[in-house]
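Welcome! Please take a moment to look over the sequence and the model, and then read on for a short briefing.

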Amino acid sequence: MPSLLRSPFAPEPPFTHGQAPKTAVLFCNLGTPDAPTPAAVRRFLAEFLGDHRVVEIPRLLWLLILHGIILRVRPAKSAAKYATIWTPEGSPLKVWTEKQAKLLQGWLGQRGHAVKVYYAMRYGSTSIASQLDMLKAQGVSRVLILPAYPQYSATTTASIFDAVYTWAARTRLIPELRFVNRYHDHTGYIGALAASVRKHWQHNGRPDQLVMSFHGVPERTLHLGDPYHCECMKTARLLAEALGLTRDQFKVTFQSRLGRAKWLEPYTEPTLIALGQSGVRRVDVICPGFNCDGLETLEEINQEGREAFLHAGGKEFHYIPCLNDNNEWITALCDITVQHMAGWPTQAPVDTGALEASRAAAIALGARQ
């Protein structure tokens, strides 16, 4: 029989009275395998596809399918795809996520906010729990959870929140937490997307069709109350308006379908094939729901999508990269962060010694004059 005196919480350092409040931002992305190998991909997929938020079918049945079939077949195929986009620095998704976090901290510092920004991955290494443990060890008392997903979905945004809540459930002294749910219609985000498209068109001319491809989710999530589809459509509409496009000059599609269930339509690759077959000469594809380039953009769109369109009769395919480290995007991310930290003490502390020295120097200079 378990002892009634046994604490369910892990040991923590003793609370220090009078400790100055510290604020941090945890920038959370999906995650990536540690290497483009079947073993690393298998570990990653087991965690990712094992999340009940990602696959919403009866748990026992899904685990039998996942471990009995998918994790025996898919890792080798996915590893080969990852190998085509891997860089000397590692996974593009991780490289860009880490860089965005560093740039965001710099932008905030320039605005006078003494805030630490760290990144975390929902699946794989640099986990959300390990980063929150590290922030607590540093004495951070306020944490803004900032997902890398502009559009809210239970399959992505809510799963990040689940990881935070799970960590909090075993933590005695929980920092003050705030969560950014969405920024799909934020003017800075839309402006950054539009600027990236305009820059591409200035160098390469304009296409016959602009395809806006978002990550897909099962259609049933829409009927169950998930706002993701509506938010994707609003992002697309606002981007089209910012670019001055008419309704026949762009298409909204959904990619990365998994399994046989009906997902949000129209699907990206069949749309590209249909465009090529109909005589459309050039398409440009942008993926507004992805802030960082990764497998879904660099391989699925820029390789598989390109091949599908050209094979169907298209003549010219352009992929417009994700926002990555664009200045307009980091500025927008900074605006979003500042907005959600409102009321928190984030200003750098005043160095009273330096202030007194400056006052003394000013008095001395006035006396000499």
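How many salt bridges does the structure hold? The structure holds 14 of them, a salt bridge being a side-chain nitrogen of Lys or Arg within 4 Å of a carboxyl oxygen of Asp or Glu. This is a predicted model, in which local features need pLDDT of at least 70 and side-chain atom pairs count only at pLDDT 80 or more, while totals for chains, interfaces and linings use all residues. Residues are numbered from 1 along each chain as its sequence is written, and side-chain values use heavy atoms, leaving out hydrogens and water.

**The sheet**

- Four strands make up an open sheet with parallel pairing, in the order β2-β1-β3-β4; strands (E, at least two residues) and helices (H or I, at least four) are DSSP runs numbered from the N terminus, and two strands pair if DSSP finds at least two bridges between them.
- β2 (116-123) and β4 (176-179) each have a single partner strand, so one side of each is left without a neighbour in the sheet.
- On average, neighbouring strands of this sheet are turned by 25° against each other, direction ignored.
- Strand β3 (residues 142-147) is joined to β4 by four bridges, and Val143 has Leu177 in β4 as its bridge partner.

**Helices across the sheet**

- Helix α3 (residues 92-110) lies across β1 (23-31), β2 and β3, and runs at about 155° to β2; angles run from 0 to 180 degrees between N-to-C directions, with axes fitted to C-alpha atoms, for helices over the stretch in contact (heavy atoms within 4.5 Å).
- Helix α11 (residues 327-340) lies across β1, β3 and β4, at about 140° to β3.

**Salt bridges**

- Glu98 pairs with Lys102, their closest N and O atoms being 3.7 Å apart; the two are four residues apart in helix α3, about one helical turn.
- Lys102 counts as exposed at 57% relative accessibility, whereas Glu98 is partly exposed at 30% (buried means under 20% relative accessible area, exposed over 50%, partly exposed in between, with a 1.4 Å probe and protein chains only).
- Arg111 forms a salt bridge with Asp335, with the closest N and O atoms 2.7 Å apart.
- Because Arg111 lies in the loop between α3 and β2 and Asp335 in helix α11, this pair ties together parts that are 224 residues apart in sequence.
- Lys234 forms a salt bridge with Asp185 at 3.1 Å between the closest N and O atoms, linking helix α8 (residues 228-243) to the loop between β4 and α6 (187-204).
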